[in-house]
Structures are given as C-alpha cells and as structure tokens.
Amino acid sequence: MQRRFMTLPRHIQEGEKLHPEATGELSAILNQMGLAAKVISLEVNKAGLVDIIGFTGDKNVHGEQVKKLDMFAHDIIIRALDHTGHFCVMASEEEEDIIHIPEKHKIGKYVILFDPLDGSSNIDANVSIGTIFSVYKRITPDDGQPGTLEDCLQPGVKQVAAGYIVYGSSTIFVYTAGHGVHGFTLDPAFGEFLLSHENIESPPVGNIYSLNEGNYKYWHPGLKKYIKHLQAWDNSKKPYKARYIGSMVADIHRNLFYGGIFMYPGDKRNPNGKLRLMYECNPMAFIVESAGGKATDGNGKRILEYQPNDLHQRVPIYIGSKEDVELVEKFISEEEVVEKD
Ligand code: AHM
Ligand code: MG
C-alpha cells in the first residue's frame with residue numbers, strides 16, 4: 001500500500017535528502033521533465049485520432065523529415081524548463097544550435113540536452129517511441145550570464161542526471177541521478193508516475209541481440225562473426241533471440257530487464273553509425289552503466305569518455321549486459337578488416 005504512493009516527485013525528494021548540500025534544483029528539473037513527459041504522453045496516445053501526425057514538410061539538422069509530434073515534444077520540453085531559473089543553456093536534437101534561455105528568465109547553473117521524441121519514424125505504426133534527456137552542471141562561471149556551446153559539449157561522465165521516457169503499452173519514466181536507476185509507470189487514471197521498478201539492475205548477460213541486420217553487408221567482419229556466433233545452436237542459451245524495434249529507447253529498455261545487447265555500429269557507409277552522442281548515446285550509456293551494464297564504441301572506448309566536438313555528432317554504440325558487450329568487443333578486436341569490394 002505504502003509503495004502505491006511512491007510518486008516520482010516524492011522519490012526524487014527522498015533521493016535529495018541523501019544529499020544535505022542539495023539545493024533542490026536537480027529535483028525540480030526532474031519533476032519538470034516528469035510534467036513534460038505527461039503532456040507528451042497524452043499527445044502520443046491520441047496521435048492516431050487527431051490531425052497531429054503527418055509531415056510538416058521541414059527537415060531537421062540531420063536532413064531527416066520532421067513530423068509534427070517531434071516538434072510538439074520539443075516545444076513542450078522547452079516550455080516546461082526555460083522559465084525555471086535552473087538552466088543556462090539547452091540543446092535539442094531537433095535544433096541545430098544551442099537554445100538560449102529567454103532574457104526575461106533567470107539564468108541558472110544547469111545544462112540540459114534532449115531528444116524530444118526518438119524513433120519517430122515509428123509513430124504512424126503505433127510502435128513505441130521515447131524521450132531522452134541528459135543534465136550537466138555548467139562549466140562556464142555561474143555568474144548569471146547565458147551558457148555557451150562549451151557548456152553543452154561535455155563528456156558523458158560529467159552528467160549529473162539522465163533519463164528516458166518510453167511511450168509504449170504504458171508510459172514509463174526511468175531516471176538516474178547517480179544513485180541507482182528507477183522506473184515509474186504513469187497511472188493514466190490519476191496522472192501520476194508511480195514507482196514500479198526500483199533499483200533496476202542490468203542482467204550481467206542476456207540472450208537477446210538487437211541491431212539493424214539489413215546493414216550486414218557493410219559491417220566489420222568481427223561483428224559479422226559475432227552475430228553468427230550468437231545464432232549458432234548450443235546446449236545453453238544459444239541461439240540468441242533477435243529483437244529490433246528500431247526505437248532505441250524501447251530496445252534498450254527491454255534489454256535492461258531481460259538482458260542482452262543493443263548495437264548501432266559504425267559500418268563501411270557510416271563509420272560513426274547513426275545515433276547521436278549527446279542526445280541518445282550519453283544519457284542511455286549513463287543509465288545502463290548505473291544499472292551495472294556497459295556501453296562502448298565497440299573498440300574498447302567507453303561512450304561516456306568521448307570528448308564531444310559537435311552538438312550533433314554520431315558515435316557507434318554497443319550497449320547492454322556487460323558480458324555481451326565485452327564479447328562483441330573481443331570478436332571485433334580479433335578480426336582483421338580485409339578490404340574487398
Ligand atoms: P531518430 O532520432 O531520427 O528517431 O532516429 C533514431 C532511431 C533510434 O531510435 C533507432 O535505434 C534507430 O534510429 C533506428 O535506425 P535504423 O532505422 O537505421 O535501424
Ligand atoms: Mg533520436
């Protein structure tokens with residue numbers, strides 16, 4: 001009974017009590033993200049009913065077609081956060097440059113980067129999509145002046161909090177502020193996120209692999225060999241199950257519970273893969289590592305240790321259960337690339 005009333009705001013507040021030095025600002029930020037998530041969730045749920053889906057005709061900075069719901073989510077997050085006085089600068093996957101705090105609002109000491117609606121090509125088919133966010137402390141002086149690009153381009157190890165919201169069969173808000181990973185399910189009856197998954201721990205090894213196999217031809221030979229290895233039958237847990245939704249948040253969320261690995265590798269055509277370091281890979285890596293998993297670029301480098309040089313840069317990612325990530329890295333490091341065609 002007690003547990004039923006562990007709402008997201010209460011949980012955040014109780015986490016804050018562990019830090020006597022805390023000012024409450026980080027809690028307020030997480031609460032506002034919870035509010036934005038509820039509004040976006042509502043809109044996602046009625047996407048098939050109202051004239052909100054369909055293309056706007058615009059392309060985002062990556063040259064992709066932008067759907068209305070992406071921009072809706074982008075606007076909602078900005079509106080939920082820009083007036084709070086906690087931020088000096090923000091950045092969104094849907095906007096090329098950094099987002100300044102309007103002059104009329106107080107400038108604070110935090111920085112937030114977000115992907116308002118990831119996997120949005122899935123919207124029309126009613127497939128799960130998600131919001132991802134990442135919070136840092138500013139590195140320029142906290143003097144009430146606006147933040148800069150430098151404040152946004154921090155390595156993932158500097159994150160003070162990160163979270164994602166998956167809009168699936170239910171809406172789940174998962175966050176870490178460095179003390180475990182916790183999940184909250186939105187109760188649609190009274191509009192609150194309730195604690196449903198406390199201290200999520202990534203299984204050390206799984207039996208699911210998740211990547212776009214359509215790109216097989218272009219992969220590193222070590223990755224090809226690894227996938228064939230997972231598909232080979234043995235008496236234990238192989239062959240692995242192939243599960244690919246094509247929505248990073250949903251794929252990683254599933255693997256976090258069941259165990260397994262999600263990959264978006266670099267390949268011959270796209271050496272840096274597809275996913276963005278700042279909006280997608282860093283926050284998910286922080287969450288998965290905080291749950292005991294692992295996230296690397298496949299070549300032994302932690303995602304969280306990348307020093308970013310561009311807001312929208314891409315990075316190859318191998319993320320999930322620790323032993324699964326270590327095994328794919330072993331295959332990649334042992335196999336030489338022989339240039340044919
Ligand atoms: P988006 O930011 O344009 O929505 O793209 C990111 C999504 C990820 O959620 C997903 O893992 C990936 O793109 C799927 O890409 P692909 O269709 O190449 O497999
Ligand atoms: Mg995205």
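Let me start at a turn: in the hairpin of strands E8 and E9, which has four residues between the strands, Gly191 takes a positive phi near 65°. Strands here are DSSP runs of at least two residues, labelled E, and helices are runs of at least four, labelled H or I, both numbered from the N terminus. E8 covers residues 181–187 and E9 residues 192–197, and they pair in the antiparallel sense over five bridges. Pairing requires that DSSP finds at least two bridges between two strands. Asp187 has Glu192 in E9 as its bridge partner.

A word on the source. This is a predicted model, where local features need pLDDT of at least 70 and side-chain atom pairs count only at pLDDT 80 or more, while totals for chains, interfaces and linings use all residues. Residues are numbered from 1 along each chain as its sequence is written, chains are lettered from A and ligands numbered from 1 in the order in which they are written, and side-chain values use heavy atoms, with hydrogens and water left out.

Next, the sheet. Five strands form an open sheet with mixed pairing, in the order E11-E10-E12-E14-E13. Strand E11 (241–242) and strand E13 (294–296) are at the edges with a single partner strand each, so one side of each has no neighbour in the sheet. E13 runs antiparallel to strand E14, residues 317–320, and three bridges join them. Lys294 is opposite Gly320 in E14.

Now the metal. Which residues are the protein donors of the magnesium ion, ligand 2? They are Glu93 (OE), Asp115 (OD), Asp118 (OD) and Glu280 (OE), at 1.9 to 2.5 Å from the ion. Donors are N, O and S atoms within 2.8 Å of the metal (3.2 Å for Na, K and Ca), and sites may look incomplete, because water is not among the atoms. The spacing of the donor residues in sequence is E-x21-D-x2-D-x161-E. Asp118 belongs to strand E4 and Glu280 to helix H7 (residues 277–290), so this pair ties together parts 162 residues apart in sequence.

Last, ligand 1. It has 17 residues around it, and Asp118, Gly119, Tyr244, Met248 and Tyr264 come nearest; near means a heavy atom within 4 Å. Polar side-chain atoms of Tyr244 and Tyr264 each lie 2.5 Å from an oxygen atom of ligand 1. For Glu93 the distance to an oxygen atom of ligand 1 is 3.1 Å. Such polar contacts are pairs of N or O atoms within 3.5 Å. Strand E4 (110–118) and strand E12 (261–264) each supply at least two residues of the shell.

Key: A polar contact is a pair of N or O atoms within 3.5 Å; within protein, one must be able to donate a hydrogen and the other to accept it, and residues adjacent in sequence count only if both atoms are side-chain atoms.
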